[in-house]
Amino acid sequence: MEQKRKEIIINEIKYWKQTRLLPEQYCDFLLALYTEGNRDDVEQPTKQVPAWAIRVTMIMIGVFLPFALLVIYFTELSFVLQTLILSLFVIICFMTVRFFVQHKMLTHIALIVGALSLLLLSIRVSDIFFSESTSALAITVMCNCFVWLLIGWRFSLMYFVISGVVGIILLFSSFFI
């Protein structure tokens, strides 16, 4: 095969791998096929994250949600402090998701805990600013359901899509039925 044509095909396969148009294994196979096994530009594997670090991170995230519930409902902390703590939980969870995505690791627990912490935070803020207003609470829950739909669509996570749709349906049914 002509060398220039091979380079075009190899660059196209690399683009597919980078944008995830094809699974990584297929792209690796095609690259090995078209380079005849002589890939000098093979990406060096990134340094592995130690297993203990992953476990500690997952345990910490698993503790965040119960701790967030404890902070919100069973303490006499000021609203600002509660909001600050919950905001910190949400930020840590989503930073963990970003870290796990970069290292191609499991992100489900961090996403779920982050989404539930965001729901707690937004309901608490809505309750403080618009106390006894069911429409403000409904709008807050609706926004969270749309965030879940967006996360489910972006990361192809069906349980987030289902949670968002079920939340919207339950919200509408509680108002109209």
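Where does UniProt place the feature "transmembrane region"? The unreviewed UniProt entry puts it at residues 52–73, 79–101, 106–123, 129–150 and 157–176. The views below come from a predicted model.

**View 1. Two annotated transmembrane spans, residues 52–73 and 157–176.** Residues 52–73 are 100% helix and 0% strand. Their end C-alpha atoms lie 32 Å apart. Residues 157–176 are 95% helix, again with 0% strand. Here the end C-alpha atoms are 29 Å apart.

**View 2. Helix 6, residues 134–155.** The helix has 22 residues, so at 1.5 Å a residue it should span 32 Å. Its end C-alpha atoms are 31 Å apart, which agrees. Just after helix 6, Ser156 takes a positive phi of about 55°.

**View 3. The buried residues of helix 6.** They are Ala136, Ala138, Thr140, Met142, Asn144, Cys145, Trp148, Ile151 and Gly152. An α-helix has 3.6 residues a turn, so residues three or four places apart point the same way. The buried residues of helix 6 pack against helix 4 (79–102), helix 5 (108–129) and helix 7 (158–176).

**View 4. The contact between domain 2 and domain 3.** The domain assignment gives domain 1 (1–35), domain 2 (51–129) and domain 3 (134–176). The centres of domain 2 and domain 3, taken over C-alpha atoms, are 19 Å apart. Domain 2 brings 11 residues to the contact, and domain 3 brings 12. Together they bury about 970 Å², 78% of it on carbon and sulfur atoms. Leu111, Leu119 and Ser126 supply 38% of the area that domain 2 buries against domain 3, more than any other three residues. Between domain 2 and domain 3 there are 0 salt bridges.

Definitions and conventions:
Residues are numbered from 1 along each chain as its sequence is written. This is a predicted model: local features need pLDDT of at least 70, side-chain atom pairs count only at pLDDT 80 or more; totals for chains, interfaces and linings use all residues. Side-chain values use heavy atoms; hydrogens and water are left out. Helices (H or I, at least four residues) and strands (E, at least two) are DSSP runs, numbered from the N terminus. The expected span of a helix is 1.5 Å times one less than its number of residues. Buried means under 20% relative accessible area, exposed over 50%, partly exposed in between (1.4 Å probe, protein chains only). Contact means heavy atoms within 4.5 Å. UniProt positions are given in the numbering used here, feature names are shortened, and annotations may be inferred rather than shown by experiment. Domain bounds come from an automatic or database domain assignment. Buried area is the accessible area (1.4 Å probe) that two parts lose on being put together, summed over both. A salt bridge is a side-chain nitrogen of Lys or Arg within 4 Å of a carboxyl oxygen of Asp or Glu.
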